[in-house]
Amino acid sequence: MATLSIKDVRKSYGSVQVLHGVDIELEDGGFLVLLGPSGCGKSTLLNMIAGLDDTSGGDILIGGRSVVDLAPKDRNIAMVFQSYALYPTMSVARNIGFGLEMRGVDADKRKGAVEDAARLLQISHLLDRRPANLSGGQRQRVAMGRAIVRDPELFLFDEPLSNLDAKLRVEMRTEIKRLHERLGTSIVYVTHDQIEAMTLGTKVAVMKGGYIQQLADPRTVYERPANMFVASFIGSPAMNFLPGQLVREAGGVRFEASGVSIAMPARKPAEISERPVILGMRPEELKVAARDQASVTGVIDVVEPTGPETMVTVQVGDRSVIARVPPRFAGQRNETIFFTVDPASINLFDPDTEQRIDI
Amino acid sequence: MIESKRHRRMIANIATYVVLVSLSVFCIGPMVWMFLTSLKYEADIVTQTMQYMPSRITFDNYVAIWTQSGFPLLIGNSLVVTLLTVTICVVTGTLAAYAFSRFAFRGRDRLMLGYLVVRMFPAVMVIIPLYVVMRGVGLVDSRFGLALAYTSFLLPLFVWMLKGFFDSAPRELENAARIDGSTRLGAMVRIVVPLARNGLVASSVFIAIAAWNEFLFALMLTTGQGSRTWPVGLQLMVGEFQLPWGVLAAGGILSIIPVIVLFAIVQRTMVQGLTAGAVKG
């Protein structure tokens with residue numbers, strides 16, 4: 001177990017800079033998720049923590065010890081790869097024990113450690129097989145076994161679930177979370193799947209274009225996104241954006257747009273200038289209401305029941321808005337519909353910088 | 001309608017087989033002819049009417065070439081030269097191919113291209129400067145010198161072939177090994193080379209056969225019995241007034257036996273390696 005500090009880490013290939021001064025602190029036993037679209041630099045950052053890629057600047061400390069000049073084998077880390085990277089020529093048992101073998105642990109001790117890890121992951125019956133004879137989920141478990149058997153200071157996961165089918169992915173996600181809670185080892189986890197980020201992380205770093213857009217706990221990232229990119233990247237369906245005008249009124253401010261009028265409390269209404277803003281609200285924050293309570297009014301366009309809930313696409317002014325409503329929603333296309341919105345759940349963004357505005 | 005379709009398909013099949021059989025006869029015919037000749041008495045080889053099948057069989061030609069000429073020595077020399085060539089190529093070529101496959105360094109692509117360009121020059125062009133260099137360092141008429149000369153044109157080929165196999169071995173595997181405690185070289189030896197084993201065997205057999213059969217360099221760079229290889233030795237048996245056909249044929253047959261044996265041993269691995277390279281490399 002150890003803390004991880006990433007200090008002003010940069011990376012460039014020739015004249016192309018792919019990481020611009022990244023700073024991250026991860027507490028002992030924490031679970032850091034690096035989240036972003038492909039090409040955002042998250043895997044590069046992970047490879048630099050692992051030592052598979054050199055940094056172009058900055059420092060990385062694992063357990064307070066700078067590791068940038070150490071070879072991967074000397075960093076006391078373990079990594080699970082997207083392709084699992086099991087050694088095809090070796091049995092499962094030897095795959096799991098390879099790290100111990102390389103470190104000169106004697107055969108008896110190794111056997112015990114491998115069996116313990118296999119028991120923990122329920123793969124004891126597979127130890128004599130070759131990786132080619134395993135299913136995707138089993139390979140994933142072997143790859144995790146190889147990581148945990150060495151009891152490293154830090155686990156690195158590089159999109160470990162992206163090669164699994166949907167059902168198995170959910171199972172393994174739970175498995176990883178259970179493993180983290182049981183072992184308590186710090187983890188850095190790369191993914192482009194926001195559900196994995198939300199469910200697993202104690203800290204989520206949302207990345208884009210080599211910059212960290214927001215580093216916070218999953219709840220904050222979801223509820224109070226730092227900018228419109230984070231807001232739209234996290235959550236499915238994505239956050240609704242409505243351009244409009246902020247106007248002052250007694251006791252606070254009001255957001256006005258075609259079909260929308262929401263009063264919001266503000267700490268210092270006098271300091272807020274009346275200006276164009278973009279309103280962001282999550283689909284589940286739109287609650288169907290009576291006409292006289294409505295703060296959002298629109299016309300139903302599409303109704304999509306998914307089982308546990310129903311998605312309703314509503315035309316509000318000239319914008320399309322998605323609302324997540326209870327499963328037995330009875331509305332029909334072309335009907336007028338009214339919603340209330342909890343003002344506390346609303347996010348405002350600057351239309352030019354796309355950054356969050358706090359009022 | 002169906003009748004004519006079947007008819008047409010049969011004609012196409014027959015045509016295919018005619019082409020295949022004639023090509024096979026063209027390729028295998030000389031070897032069969034050589035084998036038959038090696039079993040004939042000298043008097044039955046040059047005759048007024050062509051005698052295809054030997055009327056009497058003798059193994060005298062084999063006895064003669066093995067006991068009355070320096071043929072065992074020639075084969076021995078060829079073996080040594082081939083082994084040396086393969087060893088040099090495998091050791092240096094594997095490291096080079098790995099570096100080309102895994103490291104991005106300045107001039108990498110140009111260097112690889114250079115390797116190809118070297119192959120485009122005819123051997124005759126290279127041979128005189130090579131001879132001068134070899135004489136300068138005292139390696140003319142030595143088996144090691146000949147092996148070095150072979151390396152000069154076989155190594156690029158070996159590196160090119162092997163690089164393809166290394167490219168198709170996933171990088172993540174060695175990354176995993178490096179994190180598990182291997183050095184880069186250790187990861188290469190333990191993980192990548194076993195994966196590219198088929199390719200390594202295929203490439204090695206390829207250059208072994210090329211070195212075994214090579215004639216021109218051997219002719220130019222060897223002058224004495226001590227380092228002469230079998231293709232040159234066999235050629236030198238052709239006298240001005242005399243052509244010992246039977247003995248030459250026996251020598252030819254004997255010298256392809258090692259190649260056949262080698263191929264029989266590694267054939268499965270080699271074919272796997274070659275097809276893998278063809279698809280992924």
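## Chain A and its two domains

Chain A splits into domain 1 (4-233) and domain 2 (240-357), with bounds taken from an automatic or database domain assignment. The C-alpha centres of domain 1 of chain A and domain 2 of chain A sit 38 Å apart. Where they meet, seven residues of domain 1 of chain A are in contact with eight residues of domain 2 of chain A (contact: C-beta atoms, placed from the backbone, within 7 Å). On the domain 1 side of that meeting, five residues are nonpolar, one is polar and one is charged. Here Ala, Val, Leu, Ile, Met, Phe, Trp, Tyr, Cys and Pro count as nonpolar, Asp, Glu, Lys and Arg as charged, and the others, Gly among them, as polar.

Before going on, a word on what you are looking at: this is a predicted model, in which local features need pLDDT of at least 70, side-chain atom pairs count only at pLDDT 80 or more, and totals for chains, interfaces and linings use all residues. Residues are numbered from 1 along each chain as its sequence is written, while chains are lettered from A and ligands numbered from 1 in the order in which they are written.

## A four-stranded sheet in chain A

Chain A has an open sheet of four strands, in the order E2-E1-E4-E5, with antiparallel pairing. Helices (H or I, at least four residues) and strands (E, at least two) are DSSP runs, numbered from the N terminus, and two strands pair if DSSP finds at least two bridges between them. At the edges are strand E2 (16-26) and strand E5 (65-66) of chain A, each pairing on one side only.

Strand E4 (residues 57-62) of chain A is joined to E5(A) by two bridges, and these strands run antiparallel. Who does Leu61(A) pair with in E5(A)? The bridge partner is Ser66(A). Helix H1 (residues 42-50) of chain A packs on this sheet and touches strand E1 (4-13), E2 and E4 of chain A. The direction of H1 makes about 65° with that of E2(A); axes are lines fitted to C-alpha atoms, for helices over the stretch in contact, and angles run from 0 to 180 degrees between N-to-C directions.

## Strand E16 and its partners

Further along chain A, strand E16 (residues 296-305) pairs with strand E17 (residues 310-316) in the antiparallel sense over six bridges. Within that pairing, Val299(A) stands opposite Gln315(A) of E17(A). The hairpin of E16(A) and E17(A) has four residues between the strands, and Gly307(A) takes a positive phi near 115° there.

E16(A) also has a link to strand E19 (residues 336-341) of chain A: four bridges join them, and they run antiparallel. One pair to look up is Thr297(A) with Phe338(A) of E19(A), which are bridge partners.

## Chain B: domains and a helix pair

Over in chain B, the domain assignment gives domain 1 (2-38) and domain 2 (62-279). Their centres, taken over C-alpha atoms, are separated by 33 Å. Four residues of domain 1 of chain B are in contact with seven residues of domain 2 of chain B, and the domain 1 side has two nonpolar, two polar and no charged residues.

Now for some helix packing. Helix H5 (residues 108-120) and helix H7 (residues 143-168) of chain B have axes that come within 9 Å and cross at roughly 135°. That makes H5(B) oblique to H7(B) (under 35 degrees is roughly parallel, over 145 roughly antiparallel, 65 to 115 roughly perpendicular, and the rest oblique). The contact is made by Tyr115(B), Val118(B) and Arg119(B) of H5(B) with Phe153(B), Pro156(B), Leu157(B), Val159(B) and Trp160(B) of H7(B). Sorted by class, that contact has seven nonpolar, no polar and one charged residues.

## Where chain B touches chain A

Across the two chains, 13 residues of chain B are in contact with 17 residues of chain A. On the chain B side, the elements giving two or more residues are helix H8 (171-179) and helix H9 (184-195). H8(B) supplies the largest share of that side, six residues. By class, the chain B side has seven nonpolar, three polar and three charged residues.

H8(B) and H9(B) also pack on each other: their axes come within 9 Å and cross at roughly 125°, and the two helices are therefore oblique to each other. From H8(B), the contact uses Leu173(B), Glu174(B), Ala177(B) and Arg178(B). From H9(B), it uses Arg184(B), Ala187(B), Met188(B), Arg190(B), Ile191(B) and Val192(B). This contact has six nonpolar, no polar and four charged residues.
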